[in-house]
Amino acid sequence: MQSLNLNYYYVLPHIILSITGIMSLLFGAFNKQAHRDLVFINSAGLITAGVSTYRLWNLVSSNAKDGPLTAFSGMVVLDHMSLAFIFIFLIVAFLSTLLSLNFLEDEDQSPEEFNSLLLFATVGMMLMASAGDMVMVFLGLEIASIATYVLAGYRKTDLRSNESALKYFILGSFSTAFLLYGMALVYGATGSTNLETISNAIKSGNNAITAQPMVMELLYVGAGMLLVGFGFKISTAPFHVWTPDVYQGAPTSVTAFMATGPKAAAFVAFLRIFVFTFAASYSFQLHTTWVNLLQVLAILTMIIGNIVALSQTDIKRVLAYSSIAHAGYALIGFLADDWISVAFYMLTYSIMNIGAFAVVSVMAGKGDEKTELENWAGMGFKSLGLSIALLVFMLSMAGMPLTGGFMGKFFIFKTAWDKGFHIIVIVAVLNSAISVYYYLRPMVMLFFRDENETNPTPLMSWTTYVTILLALAGTFYLGIMPGRLFSLLEVAKDVLVK
Amino acid sequence: MVPLSWYLALSAVLFTIGAVGVFVKRNVISIFMCIELMLNAVNLTLIAFSSFYREVSGQLFVFIVMTVAAAEAGVGLALVIAVFRNRESLNTDDINLLKL
């Protein structure tokens, strides 16, 4: 048993963001037109949280020999993986805050709830990243999800937004029930909810409380339920059906957040439970079982995501199916037991997706009216900069060299290939080739079709402009010079293996 | 004393009824109730294990699940009201704007 170690310094980033969220709620209550001020408050909170995360990263690096830092009776675990993902969440939240200003101002939505919900969701995601206990995984997941349900339905009078939020809510809680049942069964089998105790129990094969041999069936069924629950959350096929509807109906700046943040959070909890707790070094048989299952799921996810994306006519649905396919690629990193390439992949994925959705939010205009690709015919030369930015993000998602997407895919495929997963890597590469078709179709629409109606030139505010520029810079930086970041993570790998 | 397996079987049955109900039911409120049934089946499992092991961590988990379920119900019913205001229907067959 761990001692009750109430170390608030380890959760300082979480605390800072929670306080910032409450502050922006209060600030908005007293200033009715506070859209711009709230962006500054949020950014200040996020940057402060980033600085304290950076200090924690150094602390973890210098404490490397003693293993990960734990606090609150093992509820909070800080290692390089949790901190790397916390950085990703902070970046996502920062870009989403900038991106959403235009939506909130244009449509006269109340900004204070939006900004604080965004931060609360981020806190939930950060708790998932630093969870050392199944209770914490569940709690963080729900904090993030409940805030995101509300964000998805933020256009209160828009039928599409209502429907998206309702579908997200129903399927989100449905999948949470599966996840919880899995947790309950794993608790039943191993006798603990603490992940470290669980891994020790799996290693010894004995229940942590009774010290009798544990009932393996319970553990396997529990792990299966967890797999289904996480499958829903990261939208792997066949649990992906909610994704396109929810992404299409939600306001575009919310979609940008939903497609990146909560997904990366589900990935980190998935990694923590499966790759770290159900690891091969603890139980070879359990590990082989879930790796085989996940291999099938990853292949299905890539194929279904890419094939169905070919027939979509709505740009947000295209991006939704592309995000399903990307979940498939990222799952390959799980097979190779390599969290570093998954973290790097989620970073590149988040940046290019937020960029693409930012362009979509400008092109679609007020109220997201024009998301059908047909509406975009001939708009390319009117808004050349935007179209070129979209081209870059789309090529990056397809895996074009010199962009971040290529490097993300490269690292994932390389580790999987080295571990002997040849077939799945070949399938993934073929799928990337298929995906080029639907990534380039918007470009054909934009540049090679005649305008079928006189569209006004899309206007954008400076924050959206900055978001797109930052996303472009990030995409190129990760594509051309990934070495520095990757070597930073590689050092973390040596530290992590105990 | 009732053996552990009876509790587990009961909660598995309750969970299945809830999961099937989510697919079968057409009214949003009924679907929501089915989800609550699934969550409570999980709570039953946790409590059964907790009392079997004579240890409290499972029961603490149940408290957290109940709290979160209450928060979720608040948000969920608010969303249901938002949909009903704009559509005047809670039948899932009518909520079909976003489709392939």
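A: **Salt bridges within and between the chains**

A:Glu107, A:Arg155, A:Asp158, A:Arg160, A:Lys316 and A:Asp368 are joined in a network of salt bridges, a salt bridge being a side-chain nitrogen of Lys or Arg within 4 Å of a carboxyl oxygen of Asp or Glu. The model is predicted, so local features need pLDDT of at least 70 and side-chain atom pairs count only at pLDDT 80 or more, while totals for chains, interfaces and linings use all residues. Residues are numbered from 1 along each chain as its sequence is written, chains are lettered from A and ligands numbered from 1 in the order in which they are written, and side-chain values use heavy atoms, with hydrogens and water left out.

Over all chains, the count by this rule is 12 salt bridges. One of them pairs A:Arg36 with A:Glu105, with 2.8 Å between the closest N and O atoms. This pair links distant parts of the chain, since A:Arg36 lies in helix α2 (residues 35-62) of chain A and A:Glu105 in helix α3 (residues 80-106) of chain A, 69 residues apart; helices here are DSSP runs of H or I with at least four residues, numbered from the N terminus. A:Arg36 is partly exposed at 36% relative accessibility, and A:Glu105 is partly exposed at 29%, where buried means under 20% relative accessible area, exposed over 50% and partly exposed in between (1.4 Å probe, protein chains only).

A:Asp245 and A:Arg317 form another salt bridge, their closest N and O atoms being 3.1 Å apart. A:Asp245 in helix α9 (residues 242-249) and A:Arg317 in helix α12 (residues 315-335), both of chain A, are 72 residues apart, and the pair links distant parts of the chain. Here A:Asp245 is buried at 12% relative accessibility, and A:Arg317 is buried at 4%.

In the salt bridge of A:Asp418 with A:Lys414, the closest N and O atoms are 3.7 Å apart. Because these two residues are 4 residues apart in helix α15 (residues 404-418) of chain A, about one helical turn separates A:Asp418 from A:Lys414. A:Asp418 is exposed at 55% relative accessibility, whereas A:Lys414 is partly exposed at 43%.

Between the chains, the rule finds 1 salt bridge across the interface of chain B and chain A. The side chains of B:Arg87 and A:Glu163 meet in a salt bridge, at 3.6 Å from N to O.
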